[in-house]
Amino acid sequence: MAVTVSPERDVVATPVQRAFREALYAGAIALGLFVLFIGLRTDQNISNELILVRRWGLLALVVVLTAVGRFLYVAYAQPFAASLKVADVATGLLPESMATRFFRLPYFIAAIVIAFALLVLAGSLDGLLGPDLAGYARFLRALAIIYAVASVMFYFRSFIHAHFSALGVSALALYPVIVVLTLALYTGSVAGGFQGSLKWVDNFGIQILIYVMLAWGLNIVIGLAGLLDLGYVAFYAVGAYAYALLGTHFGLSFWILLPAAGCMAAFWGVMLGFPVLRLRGDYLAIVTLAFGEIIRLVLINWREVTNGSARISGIPKVSFFGLMSFNVSDPNYIAKVLNIATSSAYYKIFLYYLILGLCLLTAFVTIRLRRLPVGRAWEALREDEIACRSLGINTTTTKLTAFATGAMFGGFAGSFFAARQGFVSPESFVFLESAIVLAIVVLGGMGSLAGIAVAALVMIGGTEALRELDFLKRVFGPDFTPELYRMLLFGMAMVIVMLWKPRGFVGSREPTAFLKERKTVSGSFTKEGHG
Amino acid sequence: MQYFVQQLINGLTLGSIYGLIAIGYTMVYGIIGMINFAHGDIFMVGAFTALIVFLILGALFYSVPVVVALLIMMIVGMLLTSLYNWTIEKVAYRPLRGSFRLAPLITAIGMSIALSNFVQVTQGPRNKPIPPLVSQVYTIDGISVSLKQIIIVLVTAVLLAIFWYLVNRTALGRAQRACEQDRKMAALLGVDVDRTISITFIMGAALAAVAGTLFLMYYGVVVFSDGFVPGVKAFTAAVLGGIGSLPGAVLGGLLIGFIESMWSAYFSIDYKDVAAFSILAIVLIFLPSGILGRPEVEKV
Amino acid sequence: MNAQASADDLILQVEHLSMKFGGLVAIGDLSFQARRGEITALIGPNGAGKTTVFNCITGFYKPTEGMITLNKRDGSTYLLERLPNHEIPARANVARTFQNIRLFSGMTLLENLLVAQHNKLMKASGYTFLGLFGFPSYRQASAESIDLARHWLEKADLVDRADDPAGDLPYGAQRRLEIARAMCTGPELLCLDEPAAGLNPRESAALNELLMDIKNSTSILLIEHDMSVVMQISDHVVVLEYGRKISDGNPQSVRTDPRVIAAYLGVDDEEVETVLTEVGDEDVIEQLDTGPDAAHGPGNSASMMAGPVSDTVEHADEGERVTVSKGASKAAQVDARSASVAGKPAPVAKKAAKVSTAKAAPKKTAAKAAAAKADSASKGKQAAAKPAAGKRGGRK
């Protein structure tokens with residue numbers, strides 16, 4: 001934990017002296033913070049009584065690391081950053097001057113070579129290096145690949161920046177194909193390619209895209225209309241349960257229920273919006289939060305309908321527009337129709353394209369709406385509600401349409417989620433989900449679709465990637481589960497990114513109309529709304 | 001009638017704990033206008049600190065008088081929890097002061113996630129039960145009042161009195177009120193704004209730590225995720241009472257406590273939280289600034 | 001004062017308008033009229049309730065009593081006090097600007113003007129649904145709205161900056177943009193709240209030109225402190241003091257009205273003090289200098305941590321603070337005095353008038369001083385062109 005001590009008081013001290021002092025402070029504070037929580041651990045003994053386990057060694061390590069980290073930061077990193085005049089660049093995560101040092105051709109070649117060599121040797125790594133080192137080697141390979149991709153992106157940054165949307169959409173569209181082809185080449189068989197793609201398409205692709213869709217939906221409410229909604233997950237839940245209940249009880253198809261779920265969520269959006277329209281700022285925040293909790297508690301407790309925490313399962317799969325199904329037993333099962341080998345990957349890939357389509361629909365509607373009077377009115381509402389009223393804009397209906405539109409996309413995402421999972425349970429709709437979606441919207445830069453998509457990729461992809469770090473078990477012992485640290489790191493990443501870019505990745509705003517030339521509006525002019 | 005009084009007492013106990021936490025929300029909101037989402041988890045850290053101190057005391061001494069044990073738990077809890085809140089303010093909120101309004105909200109949510117998961121990682125995800133500290137129960141007229149409840153209400157009352165004195169009668173309180181009104185002007189008049197804000201966080205955390213200790217004593221169990229529900233309830237209480245107003249926070253806490261105990265007694269225990277949240281929504285529809293909050297005047 | 005105008009001529013009739021905030025009377029029984037095609041100026045000292053009148057006309061406040069009638073060109077009539085806030089611009093075609101400029105600062109100038117055409121575009125876009133699918137009728141309307149925006153940007157001399165964010169404009173340009181934005185709603189009556197405040201003389205002249213241009217198509221109701229603007233461009237002036245009308249007429253007649261002179265065209269406090277020092281009345285000076293506003297200071301709050309939570313809890317409007325205490329109104333004093341001196345030919349001296357009117361609370365010493373000075377003076381009432389209106393005194 002870094003602690004900032006105001007630098008003004010140390011005009012005389014050299015950076016190293018200052019760093020030394022701050023390191024001592026940081027160490028002392030870390031000691032205070034962690035002495036009980038890391039130094040001791042409460043555990044249950046055989047007779048189920050709590051006992052304390054001492055971990056002084058770990059405590060000492062953490063305290064020393066904190067002090068050293070602080071020392072290095074104050075003594076070297078701060079002056080270094082100051083000397084570089086770190087200015088943000090829109091494309092990269094690193095400042096330009098630093099990035100040119102970091103991404104160099106020799107490194108790039110080295111990374112390619114390492115990645116390639118380790119890919120070729122993949123099968124025999126365990127035999128060559130033993131299981132421990134093989135784990136590291138795989139990690140190194142992943143790093144090398146990431147570095148190589150990042151270098152390529154860096155070299156083509158201006159091109160990428162100019163054609164971000166087109167490139168992004170085509171990359172997303174090609175993603176499953178690339179994954180299947182790569183893995184097919186890697187394993188040497190098409191079936192292997194499909195089988196291996198499950199994780200990549202489902203855990204990464206679909207998972208991230210669900211969050212992208214939710215965040216884009218919430219973006220309408222928060223980013224455009226400036227209404228702080230902390231209970232967005234409620235609409236997600238409404239959509240999911242609408243599909244789950246109607247689908248299991250009446251056997252209706254996904255394609256009918258998708259719009260129905262959206263409408264229902266929009267209806268709930270209006271229901272929520274109506275009473276709370278007069279509320280502003282943080283009052284609105286708490287009521288929306290309360291609304292989210294109410295929905296969740298009702299889902300838990302209304303057991304006759306929702307089955308409570310016991311979840312609703314057996315939700316029908318989505319069919320390929322009724323033409324082909326993804327149930328192996330059906331006569332029109334896709335593999336039978338197309339005469340290919342049976343695999344569960346088809347359904348996942350289909351779902352991937354389905355959620356991609358839904359995301360693109362959200363993006364399309366958002367972009368269109370922004371150029372329509374209603375979208376402009378949302379943004380104007382965010383900027384100044386009183387001025388809106390003086391121009392004859394009905395702020396009540398404007399707010400309600402924002403709530404309803406945002407909720408509708410949440411409902412779409414919810415029914416997709418139910419279809420993908422095959423079951424729904426109230427645990428999926430806790431406040432944490434709202435918080436994550438909100439964080440993605442703000443981290444991405446309110447109102448910016450591209451920024452939000454990048455934020456979802458970084459935050460959700462990053463935490464999903466932590467599941468992959470199994471080799472760490474070898475380092476820290478078999479009890480170590482990197483997944484446990486997932487949310488800890490997620491929380492810390494939220495803080496760090498926000499401190500680094502308080503306006504999110506993309507702080508600027510694209511105007512919706514122009515006379516002569518389209519100029520981006522700097523984030524310092526846009527307001528964030530009071531509602 | 002007896003049943004009703006009994007529920008009233010239960011509600012008062014619960015409400016005291018909510019009130020103590022709610023003060024932390026309302027003070028921070030009053031002074032820097034942000035929702036300190038991590039406050040619920042600060043409360044949880046307080047409860048955990050008390051738990052660990054209790055275990056240390058049990059390990060070091062053969063027997064410690066309950067009053068002394070409670071006192072030590074509270075004091076150590078207050079110190080360490082304050083340190084947490086102080087650090088969080090310095091690291092996560094101060095650099096963002098005066099920037100974008102949602103940025104500190106996001107760091108607060110991030111801190112809340114990080115804190116509860118930190119405790120989960122370091123202390124394990126299971127429930128942590130302790131043997132009952134105080135178990136006397138007095139029965140008057142068929143109404144049973146446990147000593148635990150008496151302690152909770154008494155401690156809350158004493159703390160509120162001290163707190164009221166601090167805010168209304170000392171230079172520190174004056175500085176806080178000045179910062180609340182106009183931070184820039186207060187700074188111009190020589191109030192150390194940073195320090196005042198830090199102290200506000202420390203005070204809020206200290207009260208939350210006491211609430212945590214009392215919570216641990218009352219329920220005898222704590223778990224890493226315990227910060228969220230009491231945190232949200234206390235926040236609800238603060239808003240219900242009118243955020244920014246200290247008597248409002250206490251009043252809101254008591255109201256939420258009463259609603260919960262009455263609802264579970266007379267209607268359904270499953271829906272007690274739904275009742276609390278619905279009443280919040282209803283109250284805010286008619287009093288958009290809470291019960292004791294100042295009505296916001298729209299400046300045209 | 002004015003010749004009775006026929007109903008067609010009147011665009012706005014305010015009758016017996018009262019606005020109370022709790023016990024405070026911000027406007028008391030105010031009646032006036034604005035004629036079509038004219039610029040009507042609403043003037044008065046700080047705290048006279050001008051902005052409150054505006055807020056009542058444009059629906060931001062619901063008046064306690066009274067009737068506000070708007071006659072549109074097509075003969076339809078609206079009772080503004082009954083219309084919801086946003087329908088006043090939408091249906092009655094009354095647009096306004098704000099004293100503290102309210103632009104959509106993160107949107108470009110063009111977008112600001114397009115937002116102003118919301119209702120028209122909303123219809124054209126088939127309440128969003130047609131527009132979502134890109135129907136040609138919407139495209140047509142959209143192009144027209146851009147043309148209208150361009151027209152007003154040209155008029156306001158802002159067309160070069162059309163694609164810049166509104167928050168990036170200098171102050172004077174923001175004022176013009178706000179007027180242009182209001183004009184884009186297609187108003188019949190334009191209410192301008194201190195459009196010349198903070199403008200330099202050149203910008204002020206440009207503004208006058210813009211207003212004269214607008215006047216050809218739209219009637220204007222104007223609050224203004226800058227007398228040069230008022231006298232140059234307005235056709236009709238209504239003077240308020242403490243929420244009551246003290247004068248009404250063309251600029252020339254208002255300018256010479258002693259009540260207006262006493263109430264409004266004041267001299268600086270320093271000048272008052274000089275006079276008071278000259279006459280040696282330390283008591284009065286002290287009284288003028290001290291006396292914080294007890295009712296609005298900290299300490300009377302419900303909260304333990306007293307004070308507003310946010311900046312929105314400021315004084316809602318200048319009118320809100322006004323308490324009409326006995327003897328506070330300078331105009332009333334002029335009336336009273338002119339009644340008392342009516343019999344005598346003894347002229348009221350320039351400086352004496354200053355002193356006696358400057359005083360908020362009647363006090364004998366001041367009256368004495370006034371009497372003492374009055375002897376040495378020789379000019380008539382007309383010469384009392386600059387009687388004092390001590391701002392601080394008036395605020396009590």
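Predicted model: local features only at pLDDT ≥ 70, side-chain atom pairs only at ≥ 80, totals over all residues.
Q: How many residues of chain B are in contact with chain A, and how many residues of chain A take part?

A: Chain B contributes 71 residues to this contact, and chain A contributes 65. Together the two chains bury about 6,300 Å², and carbon and sulfur atoms account for 73% of that area. On the side of chain B, the three residues that supply more than any other three are B:F100, B:R101 and B:I106, with 12% of the area that chain B buries against chain A.

Q: Which polar features does the rule find across the interface of chain B and chain A?

A: The general idea comes first: side chains of opposite charge can pair when their charged atoms come close. Across the interface of chain B and chain A there is 1 salt bridge. A:R303 and B:D270 form a salt bridge, in which the closest N and O atoms lie 3.5 Å apart. The interface of chain B and chain A also holds 12 residue pairs in polar contact, with both residues at pLDDT 80 or more.

Q: Which elements of chain B supply at least two residues each to the side that touches chain A?

A: The helices concerned are α2 (39-60), α3 (66-93), α4 (102-123), α9 (228-241) and α11 (272-286) of chain B, and the strand β1 (128-129) of chain B belongs to the list as well. Of these, α4(B) gives the most, with 17 residues. By class, the side of chain B that touches chain A comprises 46 nonpolar, 16 polar and 9 charged residues.

Q: What area is buried between chain A and chain C?

A: Chain A and chain C bury about 3,400 Å² between them, and carbon and sulfur atoms give 64% of this area. The contact involves 35 residues of chain A and 43 residues of chain C. A:L391, A:L515 and A:F525 supply 21% of the area that chain A buries against chain C, which is more than any other three residues supply.

Q: How many salt bridges and polar contacts are counted between chain A and chain C?

A: The count is 2 salt bridges, together with 14 residue pairs in polar contact, both residues of each pair being at pLDDT 80 or more. From chain A, the elements α14 (345-371), α15 (373-383) and α16 (385-390) each supply at least two residues to the side that touches chain C. The largest contribution, 7 residues, is that of α15(A). The side of chain A that touches chain C divides into 18 nonpolar, 5 polar and 12 charged residues.

Q: Which residue forms a salt bridge with C:R102, and why does the pair of C:E111 and A:R509 join two chains?

A: C:R102 pairs with A:D384, and their closest N and O atoms are 3.0 Å apart. The side chains of C:E111 and A:R509 also form a salt bridge, at 2.8 Å from N to O. C:E111 belongs to helix α3 (residues 109-115) of chain C, while A:R509 lies in the segment after α21 (484-500) of chain A, so this pair joins two chains. Over all chains, the search of the whole structure finds 31 salt bridges.

Q: How many cavities of 30 Å³ or more does a search of the whole structure find?

A: In general, rolling a probe the size of a water molecule over the atoms shows where empty space is left. In this structure the search finds 2 cavities of 30 Å³ or more. The second largest cavity has a volume of about 30 Å³.

Q: Which residues line the second largest cavity?

A: The lining consists of A:L230, A:G231, A:V233, A:L289, A:G292, A:E293, A:F429, A:V430, A:F431 and A:S434. The elements that give two or more residues to this lining are α11 (281-301) and α18 (431-444) of chain A. The largest share, 3 residues, comes from α11(A). By class, the lining of the second largest cavity has 6 nonpolar, 3 polar and 1 charged residues.

Conventions
Residues numbered from 1 in each chain as written. Chains lettered and ligands numbered in written order. Heavy atoms only, no water. 1 Å grid on protein atoms, 1.4 Å probe; cavity = no way out; pocket = protein on both sides within 12 Å on 5 of 7 lines; lining within 4 Å. Points joined across faces, edges and corners; volume = space filled by probe spheres on them. Helix = DSSP H or I, 4+ residues; strand = E, 2+ residues; numbered from the N terminus. Nonpolar A, V, L, I, M, F, W, Y, C, P; charged D, E, K, R; others polar. Contact = heavy atoms within 4.5 Å. Buried area = accessible area lost by both parts, 1.4 Å probe. Salt bridge = Lys/Arg side-chain N within 4 Å of Asp/Glu carboxyl O. Polar contact = N/O pair within 3.5 Å; in protein donor to acceptor, adjacent residues only side chain to side chain.
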